[in-house]
Every structure is written in C-alpha cells, then in structure tokens.
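Student: I am new to this structure. Please take me closely through one part of it, and then show me how its surroundings are built.

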Amino acid sequence: MTTLAPSVCPHDCTSVCALDVEVKDARTIGRVRGSTRNAYTAGVICEKVARYAERVHHPGRLTQPLLRDGPKGSGRFKPIAWNEALDRVAAAFTDAAARHGSEAVWPYFYAGTMGLVQRDGIQRLRHVMKYSRWHSTICVALSDSGWIAGVGSKRGVSMLEAAEHSDLIVIWGGNPVNTQVNVMTHAMAARKRGATLVVVDPYRTGTAEKADLHLALKPGTDGALACAVMHVLFAEGLADREYLQRYSDAPAALEAHLATRTPQWASAITGLPAQVIIDFARLYGGTKKSYIRAHHGFSRSRNGAANMHAVTCLPTVTGAWRHRGGGALYGNAALYPVDKTLIEGLDALDTSIRELDQSRLGPILTGDAGALKGGPPVTAMLVQNTNPAMVCPDLNLVHRGLAREDLFLCVHEQFMTETAAFADVVLPATTFLEHDDFYTAAGHSVFQASLKLIEAPGAARENHHVICELARRLGAEHRGFTLSAREIMDETLRASGMWDVATNVARGGQDMALPFEKMHFHDGFDTADGKFHFRGDWQRFGGRWQEMPVLPDHFDVIDNATPATPYRLVAAPARTFLNSTFTETPSSLKREVRPTVLIHPDECAALGVGDGDRVRLGNARGCVIVHVRPAPGQQRDVVVVEGIWPNKHFENGLGINALTSADPGWPNGGAAFHDTAVWVKRAD
Ligand SMILES: Nc1nc2c(c(=O)[nH]1)N[C@H]1C(S)=C(S)[C@@H](COP(=O)(O)OP(=O)(O)OC[C@H]3O[C@@H](n4cnc5c(=O)[nH]c(N)nc54)[C@H](O)[C@@H]3O)O[C@H]1N2
Ligand SMILES: Nc1nc2c(c(=O)[nH]1)N[C@H]1C(S)=C(S)[C@@H](COP(=O)(O)OP(=O)(O)OC[C@H]3O[C@@H](n4cnc5c(=O)[nH]c(N)nc54)[C@H](O)[C@@H]3O)O[C@H]1N2
Ligand code: SF4
Ligand SMILES: [Mo]
C-alpha cells in the first residue's frame, strides 16, 4: 500500500525543499512532491526531484564495493567484500602517511548531500588523523566573503516577506528558473501584486525572460554597475543620509569616491548604455521597499567577492533595510546555531596542518609546489559527495592528476561517476531516502530533519558508516565514531539548544527566523561596530586582501577578452542537471539535448555559423567542441554554455571545465567559473 512520507531534499540548492514522498514498499518510491508544511517550498519543487524515482531506482546505482581491475581510469572493476574494501583503503592511508606524513592523505568532499552528518563527518576523520585540511572554495568562498565584508554575517531578509511586501525585486546574478525554483515562485507572486522584477545577468535566461527589465551586462562587471547606481542615488537625492549616518561606517568617503564612478564610466566597463544604468538607479532608489536577491552566479569571477560587496551596499545607501519588503538576501547560514563540534570533530582540529584548496585539485595533483603549500605530494584520497573529474576547473590538470599511478583513490558514490572511474576502490553509497540526516537552508530559515524511508539497494552504505569503519581500522578515536547518525543528530541538537529530531520531524522543521527588527539589522549589523562596512572587511579572510579596493569599485583582475581570445565565457548551470547530478537520468538528458553554446546572432553571422553548427571554443588551457544556438539578449562578446555535461558527451573527451581556470579569486580563493576568455572558431 502506498503511503506518503515526509522528507527533505538533500541536494546542493538553497531551496532545501520539504518533500512528500510516495513510498510504495520497503524498497520503492513513487512520485515526489513539494510539501506545503514549509511555507517556502509551498508545494513547489523542481522537475528533476519530482522525478526522483528515476534516480534512486536507476539501473546504474552502485550496489557493491568494487576494486580496480585494469589501468587507472579504464573503468574496469571487480566486486569485493566491504571488509576487504575498507581494509585496503585503511592500509593505503596508513602507507601514505608512513611514507610522506599524514598530510599526504587528503579527504575530498563537497555538497552532493547537504546533510550535516553525512556530508561533514569526513572532517572528523580528517582532523583526528591530521590529514591535510580543507579550504572549501568551489562554491561559496567568493560570495560569502563579499557578503560578510559589508554585512558582517551570512543572513538577510526573507524572500517570503519580499513576496508579500516588496515593490521591486532584483534578481542579481542568478538564474532561479534553473537553479532554485522557489525564488521564482515568490518573485512571481510579488510581480502579480504589482511589484517590478529586474534581472541582472549576462544572458537572457528563463528568469530574465520573466523580468520587466533585464540588464545584460558583461560578466565580472557588477561592481562597476553597482557603483554607478550608487553614484546616481547620491547625485539625485535618493540616498537616505540619516540612515547612512547611523548605520554605515564611511558614507562621506563613499560619496566622494563615487564622484568619478559615473554611468558613463560604468557603461564602458559593463557594456550597458548609460541611460539604462540611470533608469535602473531611479527605479531602485524610487522605492524604499526594494529587495535584492543576490545569487552565487555573479560571484564566480576573480573579482566576485568585490562585486558581491558592491551590490550589498545598495540597500544601505537607500536605507531599504529599514522597511518591510526592503533589504537583501544571499544566504541564511548564520541563523542556525548548530554546534558542529561532534559532527566535524572540531575538538581535534590542528591548525598547524596544511590547508589545501579544493578548486586547485589539478595543480595540487600535478605537483604545483605553491598549491601544495611546500608540503608533501597528495598520494591518497577519499572522495565523498562530489565529482571533481567533471566539476573542478582546469580539467586537463585534474585528469592528469587523477590518472597518476602513485595516487590511491577511494570514491564513495551512488553512481559510477567519471571520478569513480579513476578510483582504486569504489564504495556504494546511500541516497537521502536511505539514511537519516538534518539540513540547514540558505534560502529560508527552517531547520529540517529527515529520516530513512526505504532500504538501500544491495550493499550500499551511508557516509557515516564508511567514516566510522575507516576510523576503527586507522585507530582514530573520537566519540563521533561510536554513535549512530541519529544519535549524533540528537546530541548535536541538544548541545545547540534546538528541538530534538522527533520533534523537528513531527512539527515539519524548526523555524530559526529572528524578529523583524533583527532580520532587518535595526539593532545594527553583525560587524564589530554594528555598522554596515563600505570599507569591506577583507582582512578577516586573509590571503590577498591588501590587493582589494578599499571601497566598492570595478576590481579589474578578471580574464579580460584579448585579440587572441575575444569572447568571455559564462559556464552556467543547466535546468535539469544539478551540477554533476541528474546527468545520468534519461529525462534530464533528453531535455538538455547536447552541449550547446549560445552566441549572439550578429556574431554567428560574423563567424559564419548557424543554428546547430559545430564550433570549437578554446584558450591556453584547452578546447571543446559544442553546437551553436543563436541567442539575442546577450552582448556580442559573451558566449554561454549551460550545464556541466559529463566529459563523455564531448568529442575531445573533456567538458566545459577544460576551459575554466583554477586561479584563486580574491581575497582568499574561490573558483572563477564564469570568468574565462576564449576564442571561437567554426569546427572544420
Ligand atoms: N538546475 C540546477 N540547479 C542548481 C544547480 C545546477 O547546476 N542546476 N547548482 C546548484 C548549486 S551548487 C548552486 S551553488 C546554486 C547556484 O544558484 P544561484 O545562486 O541561484 O546562482 P546561479 O543560478 O548558479 O547563477 C547563474 C547565473 O549567473 C549568471 N552570471 C554569471 N556571471 C555573472 C556576472 O558576472 N554577473 C551577473 N550579474 N551574472 C552572472 C549566469 O549568466 C547565470 O544565469 O544552484 C544550485 N541549483
Ligand atoms: N562549469 C561549471 N562548473 C561548476 C559550476 C558551474 O556553475 N559551472 N558550479 C560549481 C559549484 S557551485 C559546485 S557546488 C560544484 C558541485 O559539483 P559536485 O560536487 O560534483 O556536485 P553534485 O552534483 O551536487 O554532487 C556530486 C556527487 O555527490 C554524490 N552524492 C550525493 N549524495 C551522496 C551521499 O549521501 N553520499 C555519497 N557518498 N555521495 C553522494 C552524487 O551521486 C554526485 O555524483 O560544481 C562546480 N562546478
Ligand atoms: S528546488 Fe532545489 S531543494 Fe527543491 S527539490 Fe529541487 S533541487 Fe531540491
Ligand atoms: Mo554550488
């Protein structure tokens, strides 16, 4: 008999939707629906998770441990028992540490599941064993530092409030039609009420198509746009000087600095007509109930943190934060008081151990001394919840590194991903429907726990199991290795002063939202002096903070177009893939069709190519072949490829990240996926 059971979407998406799952029997699910118990999800989820049965019951699910039975990367494996597999991994880690020291082992993970226990337990093993530390840079490093530099912490005004009260919503540097459907639900509700919708994005996305105004700027130039908007706000009396005096650090210095950041100045940088910038500034400054939904997309440039910070300055200049429906949101991580000591083994953290940059996997594995911080080579890795052979920048280096015969690689996965194909040992993993975990949400404020609903296929085991079993074999001692996932959840919640798991599930999640005045920073921002900082707090992030502009500006460190590489590439997310996930489900593959480049029609004419033609995109790092689709609504020197397609879908065997760079963004790292100069040529 089919029952309906509550769950939570674990995928790497700020919506963290509350789900209702049809459970058909102990091993089988049917349809997945958005639940109405969470006001943000409000019954709406994306199409790919609605069809989750296609993924969880996919014939490609891994069901048993595998041992490499051919050359590295050949994808040839033979089944082995769990005990033997874990013994081999532990022996390889012990051997690597004996030869080169514990830093030669580098556990490597990301957010394929956002569950705190299953995702972050690997940190406990790392810290206890003194393996190389983790500098997490592939996603939020640039956007986090940019937001925190001014606001002081990662939280903002609720999108639900915006849906009800805002007069103007600006979706800045994101494409929620593809990447977080519920931003769209709530933005469209506001629009229906009469609010104006503005989208700032280099190309005409599905989101931009819904907007009243689309600002199609050049990638990496949002700082210039924000500065010119602020120039107009000050010049035309649209700044709230009383608010600025009370709530910001340096309003006079900012105003003086912006005197030369005119719309004409920004026009030359952004490629937007000066009048469009002026009109947008008047629209934004003309209402106090303006709301900016700041996304990650526009932060994925070398100067992305500076651009994010510049955008966060706007509601402070107009004083929009004061008003219901006014302000901005990027993420809400700071709302959740979760004590992560037990999960991550923070009591065992040793900061003298070197920290390696996640996004610089290619340089690290190919022996770049700077990337290795002068330490030993990395010779053993455990990978959980990520597929770097597709998603990391500079794939030529990544693949060369993963193919090293002296690198021992264990990949714990749900599918035989392109990373798993390089492994020595592959371990089969559970999905969120097959284990317990709990989740914070960036896009809303409800903390949600979710329990196992069905049995795992074959011998698949949860991440927590693998971490505890390796710890036992390696002699790693920590309380966290002795408890079940559910016990860790309850103990963590007790230590954090939050509801226990049973209560959380029964009540459909715990809302951690603060009262209106606090959500709007009426009692001050989360900085040391309680003020919003126009002089960004770059120092707190370390790295190259001294090279950053002190006040918001166009920070010109991007991979600018040159005569040899005259186009700027945006490698944006696809709608029915989620990073590297769902690239295995038939309905997603059917919808996305094939790797495609969007090129302005005039530029197609200049290149002599038309719809469906093959072109080469390339630069010093690599070259890919893709099919053309003419696309008005972007500048002539911008090209866009949506989706992190598996490498096997490309004629040359490497995907779009063969072109992107592993250079760290400012101030202290962050992958610059949308900051790439390329050439484009007709293929033959
Ligand atoms: N379907 C789907 N959903 C996803 C993902 C996915 O791959 N597919 N990925 C998930 C993950 S890991 C994350 S972090 C979130 C990210 O989700 P969001 O935070 O919402 O950001 P994105 O939608 O990735 O932003 C991409 C958009 O940014 C634009 N952009 C790129 N460079 C610039 C720039 O310099 N300036 C401006 N103004 N815009 C720019 C691109 O053109 C593109 O339209 O989405 C998650 N959800
Ligand atoms: N060109 C380009 N490249 C990008 C981006 C872009 O916009 N453009 N976006 C970047 C961003 S923002 C991100 S976050 C990265 C993300 O890239 P990835 O980290 O690869 O992202 P996911 O697809 O979320 O998850 C990867 C894997 O986690 C596995 N997984 C899920 N749950 C579990 C589990 O419980 N246990 C185990 N062991 N495995 C599990 C899934 O099967 C999947 O293969 O990609 C980055 N790469
Ligand atoms: S929108 Fe995001 S959180 Fe919601 S179901 Fe889809 S992937 Fe999951
Ligand atoms: Mo991400």
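Tutor: Start with Val-383. Leaving out residues up to four places away in sequence, Val-383 touches Tyr-108, Pro-388, Leu-409, Cys-410, Val-411 and His-412. Contact here means heavy atoms within 4.5 Å. Val-383 sits in strand β14, residues 380–384. Strands are DSSP runs of E with at least two residues, helices are runs of H or I with at least four, and both are numbered from the N terminus. Val-383 counts as buried because its relative accessibility is 1%. Buried means under 20% relative accessible area, exposed over 50%, and partly exposed in between, with a 1.4 Å probe and protein chains only. Val-411 is 28 residues away from Val-383 along the chain, yet their C-alpha atoms are 4.7 Å apart.

A word on the source. This is a predicted model, in which local features need pLDDT of at least 70 and side-chain atom pairs count only at pLDDT 80 or more, while totals for chains, interfaces and linings use all residues. Residues are numbered from 1 along each chain as its sequence is written, chains are lettered from A and ligands numbered from 1 in the order written, and side-chain values use heavy atoms, without hydrogens or water.

Now the ligands. Ligand 2 is surrounded by 30 residues, and the closest are Thr-386, Glu-413, Asn-463, Ala-571 and Thr-581. A residue is near a molecule if one of its heavy atoms lies within 4 Å of it. This shell holds 10 nonpolar, 16 polar and four charged residues. Ala, Val, Leu, Ile, Met, Phe, Trp, Tyr, Cys and Pro count as nonpolar, Asp, Glu, Lys and Arg as charged, and the others, Gly among them, as polar. A nitrogen atom of ligand 2 lies 2.8 Å from a side-chain N or O atom of Asn-463. A backbone N or O atom of Val-391 is 2.9 Å from a nitrogen atom of ligand 2. The side chain of Ser-580 has an N or O atom 2.9 Å from an oxygen atom of ligand 2. On its own, ligand 2 exposes 920 Å², and the protein buries 97% of that. Such areas come from the Shrake-Rupley method with a 1.4 Å probe.

Ligand 1 has 32 residues around it, and Asp-201, Asp-222, His-295, His-296 and Phe-577 come nearest. Its shell divides into 13 nonpolar, 13 polar and six charged residues. A polar backbone atom of Phe-577 is 2.6 Å from a nitrogen atom of ligand 1. For Ala-574, a backbone N or O atom lies 2.9 Å from a nitrogen atom of ligand 1.

Ligand 3 has Cys-9, Cys-13, Cys-17 and Cys-46 among the residues around it. Its shell has nine nonpolar residues, one polar and no charged.

The largest nonpolar core has 207 residues, and Leu-125, Trp-172 and Leu-617 touch the most other members. Such a core is a set of buried Ala, Val, Leu, Ile, Met, Phe, Trp, Tyr and Cys residues joined through side-chain atoms within 4.5 Å. Helix α10, residues 222–235, gives the most to this core, with 10 residues. Beyond four places in sequence, the contacts of Trp-172 include Asp-222, Leu-225, His-295 and Val-311. Helix α15, residues 304–312, has nine of its nine residues buried. Its buried residues pack against α5, β8, α10, β11 and α16.

Key
A polar contact is a pair of N or O atoms within 3.5 Å; within protein, one must be able to donate a hydrogen and the other to accept it, and residues adjacent in sequence count only if both atoms are side-chain atoms.
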